[in-house]
Amino acid sequence: MAGFLDNFRWSECECIDWGERRNAGASIVAGVLFFTGWWIMIDAAVVYPSQEQLNHAFHTCGVFSTIAFFMINAVSNGQVRGDSYGEGCLGRIGVRIWLFVGFMIMFGSLIASMWILFGAYVVPKKDVYPGLAVFFQNALIFFSTLIYKFGRTEDLWG
């Protein structure tokens with residue numbers, strides 16, 4: 001699964017060895033995206049504190065995206081392939097089910113955030129910043145999940 005970024009090549013720079021720093025770079029980028037998503041939502045909650053401006057139930061999408069982030073990144077790619085995990089309650093099939101449920105929660109949260117944006121803010125012609133904050137929070141957590149899961153390589157883990 002993580003192999004699709006293995007063949008991605010930057011222009012070669014002799015001064016920096018990116019091979020050893022790939023995991024650190026992917027982790028930093030994913031962390032910044034995750035932080036920015038939550039920061040945008042916290043900003044919207046501070047600017048629009050009342051229930052009429054920003055329904056407090058809309059925070060649920062970000063919470064479920066965060067849970068899905070941890071679910072998806074809790075299993076290694078070796079466990080999904082069956083290389084490093086073969087025992088347990090369900091073995092490799094259980095790991096794949098866990099990953100599938102994590103991605104379902106992530107996509108469900110992203111779709112729900114789009115529904116919140118359009119259903120609660122664009123169509124009624126209200127101020128759209130709270131809806132955009134909900135959407136961008138979930139989109140940034142989604143991209144940080146993908147970068148953290150597939151941007152790192154397990155070969156450098158030791």
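Predicted model: local features only at pLDDT ≥ 70, side-chain atom pairs only at ≥ 80, totals over all residues.
Residues are numbered from 1 along each chain as its sequence is written, and side-chain values use heavy atoms, with hydrogens and water left out. Local features need pLDDT of at least 70 and side-chain atom pairs pLDDT 80 or more, while totals for chains, interfaces and linings use all residues.

Start with helix α2, residues 59–73. Helices here are DSSP runs (H or I, at least four residues), numbered from the N terminus. Helix α2 packs against helix α4, residues 91–122, at about 155 degrees, with axes 8 Å apart. That makes α2 roughly antiparallel to α4 (an angle over 145 degrees). Axes are lines fitted to C-alpha atoms over the stretch in contact, and angles run from 0 to 180 degrees between N-to-C directions. The crossing is left-handed: the near helix is turned anticlockwise from the far one by less than a right angle.

Contact means heavy atoms within 4.5 Å. On the α2 side, the residues meeting α4 include Phe-64, Ala-68 and Met-71. Trp-98, Val-101 and Ile-105 are among their partners in α4. This contact has 14 nonpolar residues, four polar and no charged. Ala, Val, Leu, Ile, Met, Phe, Trp, Tyr, Cys and Pro count as nonpolar, Asp, Glu, Lys and Arg as charged, and the others, Gly among them, as polar.

Helix α5, residues 129–150, also packs on α2, at about 5 degrees with axes 9 Å apart. The two are therefore roughly parallel (under 35 degrees). Among the contacting residues are Thr-66 and Asn-73 of α2, and Gln-137, Tyr-148 and Lys-149 of α5. They divide into five nonpolar, eight polar and one charged.

Now the cores. A nonpolar core is a set of buried Ala, Val, Leu, Ile, Met, Phe, Trp, Tyr and Cys residues joined through side-chain atoms within 4.5 Å. Buried means under 20% relative accessible area, exposed over 50%, partly exposed in between (1.4 Å probe, protein chains only). The largest core has 15 residues, and Leu-99 and Met-106 have the most contacts inside it. Helices α2, α4 and α5 each give two or more residues to this core. The largest share, five residues, comes from α4. Another core, of 11 residues, lies apart and includes Phe-58 and Tyr-121.

Two loop residues remain. Gly-82 sits between α3 (77–81) and α4. Gly-82 is partly exposed, at 31% relative accessibility. Lys-125 lies between α4 and α5 and is exposed at 74%. Its phi is positive, near 60 degrees. Most residues other than glycine have a negative phi.

Technical notes. Parallel < 35°, antiparallel > 145°, perpendicular 65-115°, else oblique.
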